[in-house]
Amino acid sequence: MKPIERTAAYYYDTELGNYCYGGGNPMRPHRARMVYSLLKNYDVLNQVKMFRPRPRTFEEITQFHADDYVKFLKNVTPAHVDENVNQLRRFNMGLAGEADCPVFEGLYEYCQIYSSGSVGGANMINNGEVDLIFNWSGGMHHAKRAEASGFCYINDIVLGILELLKQHARVLYVDIDIHHGDGVEEAFYLSDRVMTVSFHKYGEFFPGTGHLDDIGCGSGKNYCVNVPLKDGMDDESYKRVYEPVMAKVMEVFQPGAIVMCCGADSLSGDRLGCFNLSVEGHSHCLEFLKKFNVPMMVLGGGGYTMRNVARCWTYETGRMLGVDLPDVIPEGALCEYNHYLDTQCLRIATSNMKNANSAEYLDEITQRILQNLSQLPPVPSAPMQHVPPPLTLDPLDPGEEEMDERGGGQLHRELRRERVDDVSDDDLDPDRPARRGGVRREFVASSRGVGGGGAVGGVERDKEREKGREKGRDKGREKEREKERERERERERE
């Protein structure tokens, strides 16, 4: 299938590059600024619509995330972390230099800004304004509903997919970050409207999830695809497993929109990665799906060797727009940043590291995945239900909005299936070390999947139950007051 010419939009906010995780943390929001610089000097940005929606509000973020978690993100500051030790442990956060998800200045504003690119981009796709969105500052795929994880606080991917589901019956999520996309998978594990496909390193590697046999549950069975890979994946090996799996996914699922997390930590030489992909091999994953002519939202993700992350996402932006950028980096980009002086070239060289993925292993997991996909029923249709109104876009609204401080919420009593090493939110031990990302948390249907009411529907049901419990408590308090009045009358008669 020949790709059609696309109308593209590019999300960028200059403020993003000013935020810093601190303490030598390998996650650098500054990457998005470097990509913008390269694209500007390559003269690519004249082919896209630049957009900058307003930051997401409290109400919009809590369409997926728990109220109390978002309130904590909004109120916590580095100056007050000592007063919130138990809360930090509960939400899997900590101090700069000690935790993957530290508290830093402007944390909540940072989350509001990067999530606006994904939600706003999804809204533009829904309105038919564009069919290709770039948000390289997004892709925070580890964040859970009420927990930070792996440098991620707010899951902009889930929020963007929920927006797309207002218009599209089925949405496909594809993750080529070296780490498993556990936060997105968990959110839609019970849904047949969202298929999640993750290609990742598996085995003694963060977050420790994404086994081949994790295929979804209930209505979402076989709509979750995990491709566990080993060290040293090169371009040919990746292509060997990627193309047949994705071709089958597109055949059986037929999505109305595609969301991709394009973490560049799967590149050769990444600071935290152990794959051996070239920029061209990484980009091939996007280009392969582009041929199916389905609206796409392309997001960032991991990537911790900044100069190579910027090179990769710049190259991929060009390729998705039909431009093969010259290998020599423009002089203007070299003057702005000296990160590229190692080679002064856009493409990178791969290493001679050993590829632990044999052809037999790749063929075996491919066949098992294809068998699971073959068991899917005919393309599902979306049930008749109320569709929430689309989010409004105020592209250049600089003013800070009043946040809707909704009460109630989940508090810390989410229904969950616990493992032996999972710390209960209601029974925290101050002396117990913070929970690690390798512990898998699985929310039950009421608060997890889109299937059977959706992530938003699950939140609403939880709130209804909370209201019911509150009514019960009110009745109990009224009975106590009546007993007290009766005792008072007895004393007066005596």
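Figure 1. His180 is placed in the loop between S4 and helix H7 (182-187); helices (H or I, at least four residues) and strands (E, at least two) are DSSP runs, numbered from the N terminus. This is a predicted model, in which local features need pLDDT of at least 70 and side-chain atom pairs count only at pLDDT 80 or more, while totals for chains, interfaces and linings use all residues. Residues are numbered from 1 along each chain as its sequence is written, and side-chain values use heavy atoms, with hydrogens and water left out. With a relative accessibility of 1%, His180 counts as buried (buried means under 20% relative accessible area, exposed over 50%, partly exposed in between, with a 1.4 Å probe and protein chains only). Neighbours within four places in sequence aside, the contacts of His180 are His141, His142, Glu185, Ser198, His200, Pro207, Thr209, Gly210 and Asn226, where contact means heavy atoms within 4.5 Å. The C-alpha atoms of His180 and Asn226 are separated by 8.3 Å, although the two residues are 46 apart along the chain.

**Figure 2. The annotated residue His142.** An unreviewed UniProt entry lists His142 under "active site"; UniProt positions are given in the numbering used here, feature names are shortened, and annotations may be inferred rather than shown by experiment. His142 lies in the loop that links strand S3 (132-135) and helix H6 (156-164). Its relative accessibility is 4%, so His142 counts as buried. Beyond four places in sequence, His142 is in contact with residues including Ser149, Cys152, His179, His180, Asp182 and Phe206.

**Figure 3. The eight-stranded open sheet.** The strand order is S2-S1-S3-S8-S7-S4-S5-S6, with parallel pairing; two strands pair if DSSP finds at least two bridges between them. Strand S2 (49-51) and strand S6 (224-229) stand at the edges with a single partner strand each, so one side of each has no neighbour in the sheet. From one strand to the next, the twist averages 15° (axes are lines fitted to C-alpha atoms, for helices over the stretch in contact, and angles run from 0 to 180 degrees between N-to-C directions). S3 and strand S8 (residues 296-299) run parallel and are joined by four bridges, and Ile133 has Met297 as its bridge partner in S8.

Figure 4. Six bridges join the parallel strands S5 and S6, with Thr196 opposite Cys224 in S6. Six of the six residues of S6 are buried. Cys224, Asn226 and Pro228 lie on one side and Val225, Val227 and Leu229 on the other, and both faces are covered.

**Figure 5. Packing of helix H8 against helix H12.** The axes of H8 (residues 235-253) and H12 (residues 359-374) come within 10 Å and cross at roughly 5°. The two helices are therefore roughly parallel to each other (angles under 35 degrees count as roughly parallel, over 145 as roughly antiparallel, 65 to 115 as roughly perpendicular and the rest as oblique). Among the residues making the contact are Val241, Val245 and Val249 of H8 and Leu362, Ile365 and Ile369 of H12. By class, the contact has 11 nonpolar, three polar and three charged residues; Ala, Val, Leu, Ile, Met, Phe, Trp, Tyr, Cys and Pro count as nonpolar, Asp, Glu, Lys and Arg as charged, and the others, Gly among them, as polar.
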